[in-house]
Amino acid sequence: MIPDLGKYAIEVLTVYAVSIAMLVGVVAITLHRSRKVKARLAAVEAMQGGAK
Amino acid sequence: MSIWEYANPKKFITTTTPLVPWLLWGAIAVLGVGLTWGFFFTPDDARQGSTVKIFYLHVPSAMMAINVWAMMLMASVIWLVRRHHVSALAAKAAAPIGVVMTIMALFTGAIWGQPIWGTWWAWDPRLTSFLILFLFYLGYIALWAAIEDPDTAADLTSVLCIVGSVFAILSRYAVNFWNQGLHQPASLSLDKEENVADVFWYPALVCIAGFVLLFLALVLIRTATEIRLRRIRALEMRMRS
Amino acid sequence: MIALLKRDLMLAVRAGGGFGLGLAFFLIVIVLVPFGVGPEAEILARIAPGMLWVAALLAALLSLDRIFALDYEDGSLPLLATSPLPLEGVALVKGIAHWVTTGLPLTLAAPALGFLLNLAPSAYVWLFVSLAFGTPALSMIGAFGAALTVGVKRGGLLMSLLVLPLYVPTLIFGAEAVRRGADGFDASTPMLMLAGITLGCFAVLPFAAAAALRGNLR
């Protein structure tokens with residue numbers, strides 16, 4: 001299925017693998033951080049509401 | 001600091017949140033199509049062999065590295081002139097994405113140069129300029145991290161972004177001059193515009209579109225996160241006083 | 001403005017750190033080069049232009065964080081901000097003061113250090129002239145960097161990270177001018193670029209530095 005990449009097979013595959021990994025990584029980190037901060041905001045706002 | 005200071009930040013979040021899933025899934029779909037097309041369904045290049053397939057990752061990431069900085073520049077100017085917090089936070093949010101793009105451009109560019117240069121790194125004008133851009137990104141992010149007060153940080157980083165942009169452009173010309181001064185033959189420069197046949201260009205266009213969609217999704221999510229962080233800080237300070 | 005300039009120069013001379021330290025650092029870095037690279041005269045001659053410029057650049061960097069830090073710490077910076085002298089003028093004067101106390105001595109000392117690195121005879125003039133044209137830019141860019149980081153505790157490293165990439169164009173043209181002089185070629189193109197950069201820096205960066213100072217003083 002993978003086309004014959006000739007003598008540069010390792011390089012090309014490495015580049016694709018690393019690049020895709022980087023993209024997946026930045027998306028994952030972004031989403032994770034977003035979730036964490038949303039939760040923290042909800043907690044702080046709840047405390048605020050309770051303290052008032 | 002009152003609740004959500006201005007209507008803007010809250011409206012930003014409510015407006016953009018529904019857009020994000022579309023952008024994100026759209027990006028994944030478009031990128032998937034583009035990369036598959038480029039990887040499986042395009043021929044090799046006579047001189048570069050299969051490394052030409054790196055083109056589909058290198059070109060979009062390089063374009064994004066520059067475009068993200070351009071967006072940061074615009075956002076910085078808007079902050080300095082109009083004081084929209086969302087603008088300043090959008091610039092802050094975009095920077096790490098730009099760093100990733102720059103690293104990817106450097107990494108893919110260096111390896112793509114392998115068949116031509118016979119080495120993993122060469123001080124090619126384009127790569128060198130991206131290395132300098134990488135340093136500018138780092139400085140920008142470091143400055144945001146170093147300043148306590150968010151408004152001051154926004155001011156300082158905006159000025160840095162503007163001055164940095166001028167010097168980045170200046171450096172581009174300086175580096176071109178510098179490299180040519182070393183009497184290296186022109187064939188060593190990775191000129192992506194030279195003779196790019198349609199068969200290579202169309203999948204690249206699709207990949208570029210995918211990267212753009214991805215950036216939009218990520219920057220919207222990250223800006224919303226920054227807005228929430230700012231609100232947390234405001235609330236925590238109020239609770240403390 | 002002249003008064004401010006004189007005051008800063010007096011302070012730098014009296015504190016003693018300014019002058020001598022930068023020069024000593026310059027000397028030490030140049031002395032280190034052969035130890036790192038080997039004593040072969042050929043090689044040293046080839047890298048001399050670049051190394052002299054890099055060493056001068058690093059030496060200029062050393063005293064940058066003191067430009068505004070002392071005034072910031074003892075509270076005189078806000079006073080300067082509210083004085084009739086515009087902050088842009090203050091930034092300009094600080095840049096000039098830094099050059100007089102650091103860049104100028106480096107420029108004067110550089111030819112003497114060229115001997116250590118076997119610099120080609122035809123390059124000495126170009127070394128002196130390029131540094132004379134370029135070090136003011138280094139001072140002004142440095143003043144901008146210092147203004148950005150004045151409020152950051154131990155901000156010296158951050159400032160270096162911000163300033164060194166900004167130094168790249170000046171370094172490229174400065175070193176190239178010396179190299180061309182060494183090879184006997186005409187060095188006017190890089191010199192012109194260098195002069196342009198310096199003039200541009202003095203025209204624009206005082207405003208940027210003032211904006212940074214205002215941001216930090218709020």
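Helix 3 of chain B, residues 55-82, has 28 residues and reaches 40 Å from its first C-alpha to its last, close to the 40 Å expected at 1.5 Å a residue. That expected span is 1.5 Å times one less than the number of residues in the helix. Helices (H or I, at least four residues) and strands (E, at least two) are DSSP runs, numbered from the N terminus. Just after this helix, Arg83(B) takes a positive phi of about 55°.

This is a predicted model, in which local features need pLDDT of at least 70 and side-chain atom pairs count only at pLDDT 80 or more, while totals for chains, interfaces and linings use all residues. Residues are numbered from 1 along each chain as its sequence is written, and chains are lettered from A and ligands numbered from 1 in the order in which they are written.

Chain C has 9 helices and 0 strands. Its C-alpha atoms fill a box of roughly 55 × 30 × 30 Å, taken along the principal axes. The radius of gyration, taken over C-alpha atoms, is compared with a globule rule of 2.2 Å times the number of residues to the power 0.38. For 218 residues a compact globule would have a value near 17 Å, and the 18 Å of chain C agrees with this. Two residues are in contact if their C-beta atoms, placed from the backbone, lie within 7 Å. Of the contacts in chain C with a separation of 6 or more, 81% join residues 24 or more positions apart.

A residue is buried if 20 or more other C-beta atoms lie within 10 Å of its own, exposed if 12 or fewer, and partly exposed in between. Buried residues make up 52% of the 218 residues in chain C. In chain A, which has 1 helix and 0 strands, 15% of the 52 residues count as buried.

A nonpolar core is a set of buried Ala, Val, Leu, Ile, Met, Phe, Trp, Tyr and Cys residues joined through C-beta atoms within 7 Å. The largest such core has 155 residues, and those with the most contacts inside it include Leu52(C) and Phe144(C). Helix 4 of chain B, residues 85-112, gives the most to this core, with 18 residues. Leaving aside neighbours within four places in sequence, Phe144(C) is in contact with Val163(B), Leu205(C), Ala208(C), Ala209(C) and Ala212(C).

Among the 2 pairs of chains in contact, chains A and B share the most contacts. Chain A and chain C do not touch, and their nearest C-alpha atoms are 24 Å apart.
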